[in-house]
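Good morning, and thank you for coming.

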Amino acid sequence: MQHRVTIVGPDHHFLCSEDRSVLAAMIDCGRTSVAVGCRSGGCGVCRVEILDGHYRTGQMSSAQVSPAERLEGFALACQLFPAGALVLRAAPRRNVASDDAVCDPFERMRRQCAAMAGRAS
Ligand code: FES
């Protein structure tokens with residue numbers, strides 16, 4: 001069964017099945033409003049705040065989303081699975097390096113290459 005996922009801010013929505021992560025469905029739709037990193041619940045760049053709706057989560061690093069934050073509605077989009085319509089917003093950690101929070105993986109790679117080239121010269 002598919003559910004409507006709405007990401008506030010950029011004001012867009014897409015459909016996501018219960019067995020697909022919100023991040024994977026967002027990528028499938030070509031959206032970039034939530035940053036993409038490891039895709040396995042470890043890096044924290046895809047952290048979101050769920051404003052409304054029911055869901056389940058997979059394995060998430062407690063360093064990225066503490067138990068208290070989970071109770072407040074924070075989760076990692078790569079480990080977030082809808083059980084109904086969801087409304088959420090991107091909520092990257094304040095201590096995530098700005099380069100890690102770049103949504104576009106090609107832009108992130110370009111910046112990393114530029115930084116490495118700067119170190120080499
Ligand atoms: S992409 Fe790394 S925790 Fe979700």
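This is a predicted model: local features need pLDDT of at least 70, side-chain atom pairs count only at pLDDT 80 or more; totals for chains, interfaces and linings use all residues.

The phi angle of R39 is near 65°, a positive value in a residue other than glycine. As background, most residues other than glycine have a negative phi. Is R39 buried, exposed or partly exposed? R39 counts as partly exposed, because 17 C-beta neighbours lie inside 10 Å.

Let us now step back to the whole chain. The protein contains three helices and seven strands. Reading from the N terminus, the order of the elements is β-β-α-β-β-α-β-β-β-α. There are 121 residues in the protein, and buried residues make up 28% of them. Among the contacts with a separation of 6 or more, 60% are between residues 24 or more positions apart.

How confident is the predictor? For the protein, the mean pLDDT is 85, and 76% of the residues reach 70 or more. Which element has the lowest confidence, and which the highest? Confidence is lowest in helix α3, residues 105–120, with a mean of 63, whereas β6 has the highest, at 98.

In general, strands of a sheet pair through backbone hydrogen bonds, either parallel or antiparallel.

We may follow some of these pairs in turn. Strands β1 and β7 run parallel and are joined by three bridges; T6, for instance, has V87 in β7 as its bridge partner. Strands β3 and β7 run antiparallel, and four bridges join them. Here I50 has L88 in β7 as its bridge partner, and D52 stands opposite V87 in β7. On to the pair of β3 and β5: these strands are antiparallel, with three bridges between them. V48 stands opposite A75 in β5.

In soluble globular proteins, nonpolar side chains tend to be buried together. The largest nonpolar core of this model has 25 residues, and those touching the most other members are V22, L23, V34, C46, V48, L76 and A77. Which elements give two or more residues to this core? They are β1 (2–7), α1 (22–28), β3 (47–52), β5 (74–76), β6 (80–82) and β7 (86–90). The largest share, four residues, comes from α1.

What does V48 contact, once its neighbours within four places in sequence are left aside? The answer is V34, A75, A77, L80, L88, R89, A90 and A91.

Two further residues complete the tour. The first topic is D19, located in the loop between β2 and α1. D19 counts as exposed, because it has 8 C-beta neighbours inside 10 Å. Along the chain, D19 and P82 are 63 residues apart, and 8.1 Å separates their C-alpha atoms.

The second topic is E69, which belongs to helix α2, residues 67–72. E69 is partly exposed, because 17 other C-beta atoms lie within 10 Å. The C-alpha atoms of E69 and E49 are 9.2 Å apart, and 20 residues separate the two along the chain.

Thank you for your attention.

Definitions and conventions
Residues are numbered from 1 along each chain as its sequence is written. A residue is buried if 20 or more other C-beta atoms lie within 10 Å of its own, exposed if 12 or fewer, and partly exposed in between; C-beta atoms are placed from the backbone. Two residues are in contact if their C-beta atoms, placed from the backbone, lie within 7 Å. A nonpolar core is a set of buried Ala, Val, Leu, Ile, Met, Phe, Trp, Tyr and Cys residues joined through C-beta atoms within 7 Å. Two strands pair if DSSP finds at least two bridges between them. pLDDT is the predictor's confidence in each residue, from 0 to 100.
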